[in-house]
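Subject: Structure handover

Hello,

Here is the structure for you to look through. My notes on it follow below.

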Amino acid sequence: MIYLMCLILFCIGIYCILVKKNLIKIIIGIGIVEYAVNLFFALVGYRVHGRAPILAKDQVVQNMVDPLPQALVLTAIVIGLAVTALIVAIAMRIYEKYGTFDITKIKKLKG
Amino acid sequence: MGSNLLPLFVAIPLGSAFLVSLLGKKLRGFPDTFSNLATFSLFTLSLLSLPLTKQLGTIVYKVGGWIPPIGICMVLDSLTSFMLVTINLVAFLVTIYSINYMEKYTAKWKFYTLFLLMLAGMNGIVVTGDMFNLFVFLEIGAISSYALVAFGVEQEELEASFKYMVMGSIASSFILLGIALLYSYTSSLNMADISRTLAQKVGGRLVFFVSALFIMGFGLKAALVPFHAWLPDAHPSAPAPISAMLSGVLIKALGVYALARIFFNVLGMTAKTSSILMVLGTISMVLGGLLALGQEDIKRLFAYSSISQIGYVVLGIGMGTTLGILAGLFHLFNHAVFKSLLFLNSGSIEYSTGTRDLRKMGGLTSKMPVTGYSCLVGSMSISGIPPLSGFWSKLLIVVAAIQAKHFIFASIAVLVSILTLAYYLKVQRLAFFGELRSSLTGIKEVPLTMKLSMIILSLICIFGGLILVPGVQKNFLNLATAVLVNGNNYAQTIFGSMK
Amino acid sequence: MNRKTEEPGMTLIVKTITRLTVGLILLYGIYIVTHGHLSPGGGFAGGVIIALSFIHLMLAFGKDLALKKLSENLASFFESAGAIMFLTIALLGFVGGYFFFNLFLKGKPFDFFSAGIIPLCNIAICLKVGAGLFAVFVALILLKITVKKE
Amino acid sequence: MFELYVLLLFMILGAIIAVEIKDLLSSVVAVGAVGLGLSVAFLILKAPDLAITQLVVEILCLIILIRATIKRDIPPVNRQKEIANAIAVLLFIGGFLFFAYLALKDLPPFGHPIMRVSQNYLAEGLKKTGAANLVASVILDFRAYDTLGEATVLFTAVVGVLAVLRRIGRKKIDETIKEEDE
């Protein structure tokens, strides 16, 4: 079950986000989760013995992989990049203010 | 011609956001005037959409001219225009308020750019008829709100924003995973098409799993109780106009609307999901109320109260009966109005006195009459004092619960309403009545535009009950309710109106 | 990266290699963008590559030289301009009757000038992405971390 | 599809290393390896567009993350507090995977997608849009509205980063702030 392996990757990311107490580790966890979801989309669109969905001249092609999930993953990758950039910026500002990445030492808010 | 209205709901805020970021740095007054113009035109357009949906029924707009399962479509039905009116009304009043309030912060043009992008995200979510498109616009709304929460770049704000962002990212990935599973199962992304395909299949386990993913994902966005931890930090940390937007409409557009649309119209509402939603709603109601009671920070108190009120909305919608949904939607509208009013009040207090701590206030009404009385109206409305708007929607929720024989939920709703009254009385007593503190004798009432939007919002609170007058109710609420009640007809309506 | 040597940037070897490669990277990025409708790639990947070429320059030679080639204000101008261009293409579709209507001539398939709005969109996205990511990177580099230990 | 399984195993291992290793810089490098593995996986799955994009995005992410971690004195993480939390999360994950396993049985088997809608793209994509790259025809013509959203997300993030990195957020009373601090 290749889908299940992909979901295991997803769960490792979730575990990292929820358990680790370091800002950078949490960001890494978010990255892993994004990878897993993107991979899942690509797996969903794969077709056995399929070809890449790019046409060439003078060629009849029947068996192509699904182009739609690929388009969606492209969008999802960009969204992931945007999230990463913003969250790193915030983490760096937090480091600037507190002098640490350790979440247990960053507790101005009561929760 | 009428259907060309639809893309404008996204194109106007996007275009103005780009223009503000391009020109706003050089021209001083440009961001203010232009953003207000944009939100005003959006508000007018959303009002225009109301009679349009009444006349023409559901309007489907094919983006790029591609027929829906192939391309993306935008859908304008009554629920959509109801949400559009709510969102753009609050957004317009909040931009008026921001003209003066945001003088305290630097880089006003960045604020307006992010604000308009957030608005574009919310309008996009409401207007779209495509699963993945919903996700994309949800991310626009969410990412701009992450940045706006941290707009003050102080310690608490950055920390709250980080927490919000981590929770939001988890929610987004759950939602995206759910969409991937649904795509693989039905081979379609169009909501109507998915709903049509699901109706033909019998695959209980997958739909169940996807429902669980969506409840977790959108529940996080809506801050229902097991997933609420980010809200009490994020909402108070943002600048007051943004708190008003976040609590007033963002959690509803991203969370409640998306939940309602997906469960009623796409996946189909079952007894199981209905009871899950009702239980979650009730827990949110009680816990939010209890936690609010202990707060000393005025904005934190309002934030917990938001959780509690969202619980009411979800309880109402989760019941799935006609009256329940109607009451839920009505309460959604009312809450958008009075919660933004209350957050704007707290912003005014902070603007004048420089504190958010209730223990340091007192007797503010004598110095700031407009803020004081509008806050009184908002507080009484949210706690359900007749004849203000909040009373009617809460009454309807309780009646609907009794009608559906959920007596426990009904009695809890009544009790929480009393709880609500208790903590709002606390706000009134500590902040506005009593003796004026000596340290606060120098304060002044806030500038004109801030007063203006607070006055308008409190007027809506006072006369909000009039929405239940039969003529208005029929056009505004009943049609929107019908979209959800007849959820299973969604696919037929969409494909029917395309021909 | 905030090294205070007399000459900003890295060693001579890195600089020489950078001088040789940076043009190629830029060119490759432009190729990817303009052939997005024919071969793998497209505006987004190309835009990131172009941004990476400037970032490469910045890492090797220090921030002053890279900022001389593309200043922060110019980058944010390009970004907004790209975004507006994309939206304009979308709105131009109204002429054909629909938002995002592909109204230009489709051309002959496999030709360089084909596929209507797709190459134009690619260029708009490339401008936006390249300039935007460069602006982010510059902002992150210029942020002087001054830790206040309490 | 044997190579795909190996690659996924490699990615899972890389992810575990990234999560558990103490040194932050090594952790960032490990997650970079996972990202590059993903890029190769896209290539195997016949998605060259994604492979290119994932590769360049990975490089950019790595640069940004290394920029954030480099030259920071990071104390070793205190492990004892994590255990109770970790057990709860592991329980949740176990349940999640169990239900996922049940649900995944309903999906069409790997390698045989239904492709009801996307059949249209393959059949008519070239004729209707004129683009030989069908992925480009989907993202920029059939679903161009999504791409507008995507570009906006990135725009939002850029403005957000610039807003978050302002040196001064709030004005003091009657204080004017220079342009470059904004």
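Start with chains D and B. Their contact takes 38 residues from chain D and 42 residues from chain B. Two residues are in contact if their C-beta atoms, placed from the backbone, lie within 7 Å. On the side of chain D that touches chain B, α4 (82–104), α6 (134–142) and α7 (144–164) of chain D each supply at least two residues. Helices (H or I, at least four residues) and strands (E, at least two) are DSSP runs, numbered from the N terminus. The largest share of that side, 14 residues, comes from α7(D). By class, the side has 21 nonpolar, 6 polar and 11 charged residues. Ala, Val, Leu, Ile, Met, Phe, Trp, Tyr, Cys and Pro count as nonpolar, Asp, Glu, Lys and Arg as charged, and the others, Gly among them, as polar.

Two reading notes. This is a predicted model, so local features need pLDDT of at least 70 and side-chain atom pairs count only at pLDDT 80 or more, while totals for chains, interfaces and linings use all residues. Residues are numbered from 1 along each chain as its sequence is written, and chains are lettered from A and ligands numbered from 1 in the order in which they are written.

Next, chain C. Chain C has 5 helices and 0 strands. Of its 150 residues, 48% are buried (20 or more other C-beta atoms within 10 Å of the residue's own, placed from the backbone). Among contacts in chain C between residues at least 6 apart in sequence, 67% join residues at least 24 apart.

Now the helix pairs. Helix α3 (residues 67–98) of chain A packs with helix α3 (residues 48–69) of chain D at an angle of about 5 degrees, and their axes are 11 Å apart. That angle is why α3(A) is roughly parallel (under 35 degrees) to α3(D). Axes are lines fitted to C-alpha atoms, for helices over the stretch in contact, and angles run from 0 to 180 degrees between N-to-C directions. Residues making this contact include L74(A) and I77(A) of α3(A), and V57(D) and L60(D) of α3(D). The contact divides into 15 nonpolar, 4 polar and 1 charged.

Helix α2 (residues 43–61) of chain C also packs with α3(D), at an angle of about 35 degrees, with axes 9 Å apart. Among the residues in this contact are F44(C) and V48(C) of α2(C), and V56(D) and I63(D) of α3(D). This contact has 12 nonpolar, 1 polar and no charged residues.

Best wishes

Methods. Buried ≥ 20, exposed ≤ 12 C-beta atoms within 10 Å, placed from the backbone. Parallel < 35°, antiparallel > 145°, perpendicular 65-115°, else oblique.
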